[in-house]
Amino acid sequence: MRLRCRTLFGRHIRLEPLVEAHREALRLACAADPEIWEIFPYSMLDEHFDGWWARMQDPGSEWMAFAVIAAEEVVGVTGFVPERAPGVAVIGMTYLRPEARGGPANPESKLLLLQHAFDGGARRVVFNVDPVNARSRAAMRKIGAVEEGVARKASVTWTGRVRDLVVFSVLDDEWPDLRRRLEARLAAFGAAGADS
């Protein structure tokens, strides 16, 4: 499997490889919802942002982060997180500022990342969701990912909370149907707001 960090274009958003030009706009976007970081595995808020940013910019990092751009503004971040299993991609680290939620940004970012993963040779794409994050669990079901089960006590968050992970996945043979469903859902938003 080969994934390249390149700009991915959609009708409503585009995903740009995270570079210095995105830094301060993303910092502001992350500050728009300070309470949400309590349920994230790491924090991108205030004094935690620079450490997270340095990890994403490290040339040896296996993380592949993209700025989410809507109407020429940075509205969040998403990308691929490290995974050792051949042919498996893990999509994660998704954060959108509050006003970008509920519109096309999240489903289209998932469409773009899933397409990129399967074009790159993935046979399986995984999403690991914290059980307390009801919004993310609902979003996974809405895009058509299959809920496989719960990995118990799978990780520890930046606050020290031991958390379970709800595992969702999409397989390569499921992707064509799921892609059509996502495209139909995005078509319902119309062309308004497209910036690419």
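Me: A crossing is left-handed if the near helix is turned anticlockwise from the far one by less than a right angle, and right-handed if clockwise. Which handedness does the crossing of H3 and H5 have?

Reply: The model considered here is a predicted one. In it, the axes of H3 and helix H5 (residues 175-187) come within 10 Å. The crossing of these two helices, H3 and H5, is left-handed.

Me: How are H3 and H5 oriented to each other?

Reply: The axes of H3 and H5 cross at roughly 150°. Angles over 145 degrees count as roughly antiparallel. H3 and H5 are therefore roughly antiparallel.

Me: Is the crossing of H1 and H2 left-handed or right-handed?

Reply: The axes of H1 and H2 cross at roughly 130°. The sense of the crossing of H1 and H2 is right-handed.

Me: Which residues lie nearest the centre of the largest pocket?

Reply: The largest pocket has a volume of about 1,000 Å³. Its lining is made up of 40 residues. Those nearest the centre of the largest pocket are Phe-40, Thr-94, Lys-110, Asn-133 and Ser-136.

Me: Which elements give two or more residues to the lining of the largest pocket?

Reply: The lining of the largest pocket comprises 40 residues. Both helices and strands contribute two or more residues to this lining: strand E5 (88-96), helix H3 (105-119), strand E6 (124-129), helix H4 (134-143), strand E7 (146-156) and strand E8 (162-171).

Me: How many residues in the lining of the largest pocket are nonpolar?

Reply: By class, nine residues in the lining of the largest pocket are polar and nine are charged. The number of nonpolar residues in that lining is 22.

Me: Which element gives the most to the lining of the second largest pocket?

Reply: The second largest pocket has a volume of about 200 Å³. Its lining includes Phe-80, Val-81, Val-88, Ala-89 and Val-90. Strand E4 (73-81) and E5 each supply at least two lining residues. With three residues, the element that gives the most is E5.

Me: How many residues of the lining of the second largest pocket are charged?

Reply: Among the residues that line the second largest pocket are Arg-2, Glu-62 and Glu-83. Asp, Glu, Lys and Arg count as charged. The lining of the second largest pocket has nine nonpolar residues and no polar ones, and its charged residues number three.

Me: Is Ala-71 buried or exposed?

Reply: Ala-71 has a positive phi of about 50° although it is not a glycine. Ala-71 is placed in the loop between strand E3 (64-70) and E4. Residues over 50% relative accessible area count as exposed. At 52%, Ala-71 is therefore exposed.

Me: Is Met-93 buried or exposed?

Reply: Met-93, not a glycine, has a positive phi of about 50°. The place of Met-93 is in strand E5. Residues under 20% relative accessible area count as buried. At 6%, Met-93 is therefore buried.

Me: How many Å apart in space are Ser-169 and Trp-53, C-alpha to C-alpha?

Reply: Ser-169 lies in strand E8. With 3% relative accessibility, Ser-169 counts as buried. Along the sequence Ser-169 and Trp-53 are 116 residues apart, and their C-alpha to C-alpha distance is 27 Å.

Me: What distance separates the C-alpha atoms of Phe-127 and Glu-147?

Reply: Phe-127 belongs to strand E6. Its relative accessibility of 3% makes Phe-127 a buried residue. Phe-127 and Glu-147 are 20 residues apart along the chain, and their C-alpha atoms are separated by 9.3 Å.

Me: How many Å apart in space are Asn-106 and Ile-143, C-alpha to C-alpha?

Reply: Asn-106 is found in helix H3. Asn-106 counts as buried, at 17% relative accessibility. Asn-106 and Ile-143 are 37 residues apart in sequence, and in space their C-alpha to C-alpha separation is 9.7 Å.

Key:
Residues are numbered from 1 along each chain as its sequence is written. This is a predicted model: local features need pLDDT of at least 70, side-chain atom pairs count only at pLDDT 80 or more; totals for chains, interfaces and linings use all residues. Side-chain values use heavy atoms; hydrogens and water are left out. On a 1 Å grid over the protein atoms alone, a cavity is a set of points where a 1.4 Å probe fits but cannot get out, and a pocket is an open set with protein on both sides within 12 Å along at least five of seven lines; lining residues have an atom within 4 Å of a point. Grid points are joined across faces, edges and corners, and a volume is the space filled by probe spheres set on the points. Helices (H or I, at least four residues) and strands (E, at least two) are DSSP runs, numbered from the N terminus. Buried means under 20% relative accessible area, exposed over 50%, partly exposed in between (1.4 Å probe, protein chains only). Axes are lines fitted to C-alpha atoms, for helices over the stretch in contact, and angles run from 0 to 180 degrees between N-to-C directions. Angles under 35 degrees count as roughly parallel, over 145 as roughly antiparallel, 65 to 115 as roughly perpendicular and the rest as oblique.
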